Amino acid sequence: MAPDTIAALDSGDIFRENPFPQIPVVRLGPASDLGNPAVRGADSGNAHISTPLIEDLQALVDDYFAPPAAPGRRGRAIALVGGFGLGKSHALRRTYQTVHGRHPEAAMWIVDEPAQDMGRLYRDRLRGPGDSAQGRQAFEELVRDYYAYVTAGWVGAQDDDPRRDTLQEIATGLRERTLDPDKVVAALRYDPEVIHADLRGTLGEVTEHRRFATALALLLEAPFRRMVWNWLGGEEPAEPLRERGITEAIGPSGGGSGTAAGIDRVFDALAVQGFLHGRVGTAYVLLLDSLEKVLDWPEESRRTFMDAFERLVNIYTSHGGLLVFCASPEGLRALRPSMHERVVQLWPTGLSDEHTRELVAKYLAASGEGAAAGTPATGPFEEEALRLLHELTEGVPREVLKVCRLAWQLSEEPEDPGDTGETGETGETDDPEDPDDSEIPRALVVREVTGATVLKAVRQLHEQVSYRQVLNDVHEALDLGQWRIASRDPVPARMSRSPGGLDEVVHWLSPAPNAYLAVIHTRSVLLAGDAERIAAHVQGLRSAVRPGRFEALLVVNGLVSQALQDRLGRSIGSRPLVYRQDGFAQSVHEALLQLERRLVEEQREGDLAELGERMRRDLEQQQTAHLDELRRALAALTAEAQPGAAVPPAATAWSAGEPDGGVAELPVPVRRRFRDALAMLETVTRRVAGRAVNRRAAATPADLSVLGCATLVRELTEDFRGAVAAWARSAVPGAPTEFQLSELRRICREYECAVEVLPVHLLGGAEPRHPLTPARTVEVLAEEVWGSLSAAGVP
């Protein structure tokens, strides 16, 4: 039995070699990542599953290569946009394998990632047709075809030449590749400037065409062929090329002023080489990975790269090329908005549960661990392990593979010699009676990977930063904002830690009196039970802090899924903050500022609620004090409305008084407004009393509410009138001082505020021959009084 196969024995299946890659990262550079044959131990792995991203990208590539291929091939630019580990580079590698396998005639350039030193990248890392003898030969044939294409255009355009028919036949032969363009040019004595003119007319705004036109013309001449290829490969031009105007390398290395120039020259080279293929109707492809790396460059280099890249996209889309690049969402946003309309965007998502299982099975099969008959497709992984694997990684392929590898390692155990009964690697048969048998190292095998092991693996992967380091970053955040530490903990010390000590309040902050912010540290939140434990702990702290105001910032040193983040946000009132090494102190500071603003807002809302409650109690007390008087007044009015009834003294006293309330000092318009308002309130009272008489029953609760409101408003209006009259007596006649006007404004504002909190809408509609309702009358009374007195002064 081979050591890397599965033994289906009575004791269960045994799995030996870890089939999952140590670093599951795809790069478009090493042959192990680009080659079709599987390479054992490659970082990128060898398994492939057909995800929606792969299918959509494959459909677009197939559409690009669909006939008719020439002329008029439609160019296309495709962006694979998403976060890290979602399979963008893997999809790009599949594109390479598809094009390389199905369309070997297509020219292809590969950039594994942008670099500021584009000259070095162009020379050492950019892969293109010039990397192989076959590619160079194909490119030389392409240049010859291009010569034929351009020469045919010039020959066929000579309509005034007496040799027109012959020239047309020559043009047709050139287009069909049956005639040698060099011999045609020599025979017809055309100037080689034709190729310069063609490049100048098409690429004049894109590239420095003359250097490339000269190089392409010399490429077909044997003495210069090697020199031109060396220059096209990024080397400094040889002296014969310098004599002919090619004085600089395509991509000068080094920083400084040469960096921007190097970026432009490299993209010029890619644009010209791609243009040549498009000009003669040949497919050409550019694959570029990790565009977001440009975002970390200095401003000048980043702007130069983005401008050059956008020009290259225009060349590919306008002249029949296929450009596929990977970028983060931030990298895509760095492109101009107009670019987004010319690029097809594909956004990968996490794997589904089914695809996660398929990925595990494919890696087992690729390594030979799933080859035995009767072995389950997912090998030693239990159902619970697979469920947790998908749930905790959210289907991100890179995370799935990392957890699988570590969970496999944690599940390894020494192989029992009785499992095989075969000769071991030492060449000796295992014998339990041999005293030296225990010294023979036993192979490690895996029988099962449980859900508990997956949980342990996830914790190890995501809890690599120590508790002390997290606290140091929190301390830095407190220093950054000079946060006020609470002079004492608002809860007993035993409540600061949850049962088991998994969650702990590391700081109590007091940004305002009787307000507290708790910074709570916890490990990974992986299961619903973890979230419930944390929620119970926070709710216990909230109850203990009452009646003070309380907010909590949960700092998670590890992993918490988006679903559990949402769940915790609902239960504790704020979303948890997951520890990240870059800029975490600033993130904590900003989160604390948000919670502080929430506490201040809660305090304001609480003060308003308390004020409203106090006003409600005061109004209830006033209404209760007037209820008896209202009932007596209603009885008196009812008796007055009946024939022959005597008016009780109380009712007469209630409605008696001077017509103007003894405010003769006020101007006539102001006195009239007070008189109209009080008369309207009196009418409301009598109307309610009349309804009670007609029903021949006691007043209803609704009637009492109207009477209560009318009585309170009447009392406020009379007090307002008295205050205005007192002000008029003390004010300077004709010219009140600024202080006196301020006092009048205060009196009017107090009346307005008092009326606003009363249900004056209960007072009813407008009376006949009066445009305003009772409610509107008292609402605008203060404004009318202020307008009259402030404009006219005091009589």
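How far does helix 18 (residues 397-411) reach from its first C-alpha to its last? I was working on a predicted model, and there the helix reaches 21 Å with its 15 residues. That is close to the 21 Å expected at 1.5 Å a residue.

Next I looked at burial along helix 18. Eleven of its 15 residues are buried, so the helix is largely enclosed by the rest of the structure. I wrote down the buried ones: Pro397, Glu399, Val400, Leu401, Val403, Cys404, Arg405, Leu406, Ala407, Trp408 and Ser411. I note that charged residues are on that list too, namely Glu399 and Arg405.

Then I went on to helix 19 (residues 451-462). Its twelve residues should span 16 Å at 1.5 Å a residue, and I found the end C-alpha atoms 17 Å apart, which agrees. In helix 19 I marked Gly451, Thr453, Val454, Leu455, Ala457 and Val458 as buried.

Entry on a helix pair. Two packed helices are described by the angle between their axes and the distance between the axes, so I looked up both. The axes of helix 2 (residues 52-65) and helix 3 (residues 88-102) come within 10 Å and cross at roughly 35°. Helix 2 passes helix 3 in a right-handed crossing. On the helix 2 side I listed Leu53, Ile54, Leu57, Gln58, Val61, Asp62 and Phe65 as making the contact. Helix 3 brings Lys88, His90, Ala91, Arg94, Thr95, Thr98, Val99 and Arg102. Sorted by type, the residues of this contact come out as seven nonpolar, four polar and four charged.

Entry on a single residue. I picked Ala308, which is found in helix 13 (residues 299-318). Buried or exposed? Ala308 counts as buried, at 2% relative accessibility, because the cut-off for buried is under 20%. Leaving aside neighbours within four places in sequence, Ala308 is in contact with Ile263, Asp264 and Phe267. Ile263 lies 45 residues from Ala308 in sequence, yet their C-alpha atoms are 7.4 Å apart.

Last entry, cysteines. How many disulfides did I count? The count came to zero.

Definitions and conventions
Residues numbered from 1 in each chain as written. Predicted model: local features only at pLDDT ≥ 70, side-chain atom pairs only at ≥ 80, totals over all residues. Heavy atoms only, no water. Axes fitted to C-alpha atoms, helices over the stretch in contact; angles between N-to-C directions. Helix = DSSP H or I, 4+ residues; strand = E, 2+ residues; numbered from the N terminus. Left-handed = near helix turned anticlockwise from the far one by under 90°. Contact = heavy atoms within 4.5 Å. Expected span 1.5 Å × (residues − 1). Buried < 20%, exposed > 50% of the residue type's maximum accessible area, 1.4 Å probe, protein only. Disulfide = S-S within 2.5 Å.
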